[in-house]
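Trainee: Please take me through this model step by step, with the criterion behind each term.

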Amino acid sequence: VKDLDLRRQLGPLFKGLIEPMIEAKHKEYLMQEKLGKELDRMKDIIPQRSLKDSIPNDFFIDPYDGALFDMTRENMINIMLNFGNRSNIKKFTEGYTFKSGMDKETLKVESAKFEQRLWKMFEDHATADDWKFVQEIGKLFEGWRKEADILYHNLSGISPKWIDLEPVHTKHGTFDGWYFPLIYDKLRSNINQIKEDTGSPAKLFGVNYHRASTWNKYTTERTGYRAPVEFQTSIDQVAMRMQQTMHDIAYREAVMNAGKIIGDRKIRGAIDKHYG
């Protein structure tokens, strides 16, 4: 960039490309620092019982091999993370009850039965600390939603269509609803095949199409896709989703503007002429 600015200190391309990236990095650092403090504060409400405690299960069947899941407290908490809003509940229950050829009415009945059994599991085995923990995780994403609202409104004039939240009623009290990203089970769903098909060279905008942007799946409207949702390792993937969300909020505007500068015909022509 300094060379393209003809060795000028703080030239136009430096100001257009480098400075916004520096500011974005600083914003991301501040967000990470704040997250670290929030997670440190949550230490007092991390479930005290062993996450490896066995939870009785006589109904939740693994669609992969037809056997009952060997449920642990950690697994149950991962499921509870998806029970802070109706959209996630619907995705989770339909993902584990839908079978090929099943009509909508049957699916509605079976998923409702399955949901009630899960609520019974929570009622019997989830502690107040378990509920506080999943709510606090959801609150972290909720805080970033407000920043994303401002960012996307500034960039496009339209804010993302967010998931509606609703109160969660438990024997330990009523908790505010929360957002949690959908994480499909890669072993028990065909999500990998869908991504692979999308990446076919025949697909213009598949994974082989590269464009300067940041990951922002959390802002896209959910589709009618049904598949088992991950709950055996989902808490391990939360950190990655948090990092992706913070990165998008911090960097998206700078990256998009950089793409416009680099993609400008006159600038690209000048670069080609300069370097040959």
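Trainee: At 24% relative accessibility, does Phe14 count as buried, partly exposed or exposed?
Mentor: This is a predicted model, in which local features need pLDDT of at least 70 and side-chain atom pairs count only at pLDDT 80 or more, while totals for chains, interfaces and linings use all residues. Residues are numbered from 1 along each chain as its sequence is written, and side-chain values use heavy atoms, with hydrogens and water left out. Buried means under 20% relative accessible area and exposed over 50%, with partly exposed in between (1.4 Å probe, protein chains only). At 24%, Phe14 therefore counts as partly exposed.

Trainee: Which residues is Phe14 in contact with, leaving aside its neighbours within four places in sequence?
Mentor: Phe14 is in helix α1; helices (H or I, at least four residues) and strands (E, at least two) are DSSP runs, numbered from the N terminus. Its C-alpha atom is separated by 6.2 Å from that of Val1, 13 residues apart along the chain. With contact meaning heavy atoms within 4.5 Å, the partners of Phe14 are Val1, Asp5 and Glu19.

Trainee: What distance separates the C-alpha atoms of His26 and Tyr251?
Mentor: His26 lies in helix α1 and is partly exposed, with a relative accessible area of 49%. Tyr251 is 225 residues apart from His26 along the chain, yet their C-alpha atoms are separated by 10.0 Å.

Trainee: In what order do the elements of the chain run from the N terminus on?
Mentor: The secondary structure comes to eight helices and two strands. Of the contacts between residues at least 6 apart in sequence, 73% join residues at least 24 apart. The order of the elements is α-α-α-α-α-β-β-α-α-α.

Trainee: What is the angle between the planes of Phe69 and Tyr96?
Mentor: Rings of Phe, Tyr and Trp (its six-membered ring) pair if their centres lie within 6.5 Å; planes under 30 degrees apart count as stacked, over 60 as edge-to-face and the rest as tilted. The structure holds 26 aromatic pairs. In one of them, Phe69 and Tyr96 lie 6.3 Å apart centre to centre and are edge-to-face, with an angle between the planes of 80°.

Trainee: How many residues apart are Phe69 and Tyr96?
Mentor: Both Phe69 and Tyr96 are buried. Phe69 is in the loop between α1 (12–41) and α2 (73–80), while Tyr96 is in helix α3 (residues 86–97). The pair links distant parts of the chain, and the separation is 27 residues.

Trainee: Which parts does the pair of Tyr96 and Phe114 tie together?
Mentor: Tyr96 and Phe114 form a tilted pair, 6.4 Å centre to centre with 40° between the planes. Tyr96 is buried, and so is Phe114. Because the two residues are 18 apart in sequence, the pair ties together helix α3 and helix α4 (residues 104–125).

Trainee: Which helix gives the most to the lining of the largest cavity?
Mentor: On a 1 Å grid over the protein atoms alone, a cavity is a set of points where a 1.4 Å probe fits but cannot get out, a pocket is an open set with protein on both sides within 12 Å along at least five of seven lines, and lining residues have an atom within 4 Å of a point. Grid points are joined across faces, edges and corners, and a volume is the space filled by probe spheres set on the points. The largest cavity holds about 70 Å³ and is lined by Phe141, Trp144, Arg145, Trp162, Tyr179, Tyr218 and Thr245. With three residues, the most is given by helix α5 (residues 128–156).

Trainee: How many charged residues are in the lining of the second largest cavity?
Mentor: This cavity holds about 30 Å³, and its lining residues are Lys90, Lys91, Glu94, Gly95, Tyr184, Tyr225, Arg226 and Ala227. Ala, Val, Leu, Ile, Met, Phe, Trp, Tyr, Cys and Pro count as nonpolar, Asp, Glu, Lys and Arg as charged, and the others, Gly among them, as polar. The lining thus divides into three nonpolar and one polar, with the charged residues numbering four.

Trainee: Which element gives the most to the lining of the second largest pocket?
Mentor: The second largest pocket holds about 370 Å³. It is lined by 17 residues, of which Phe59, Ile61, Tyr96, Thr97 and Lys99 lie nearest its centre. The elements giving two or more residues are α3 and α4. With four residues, the most comes from α4.
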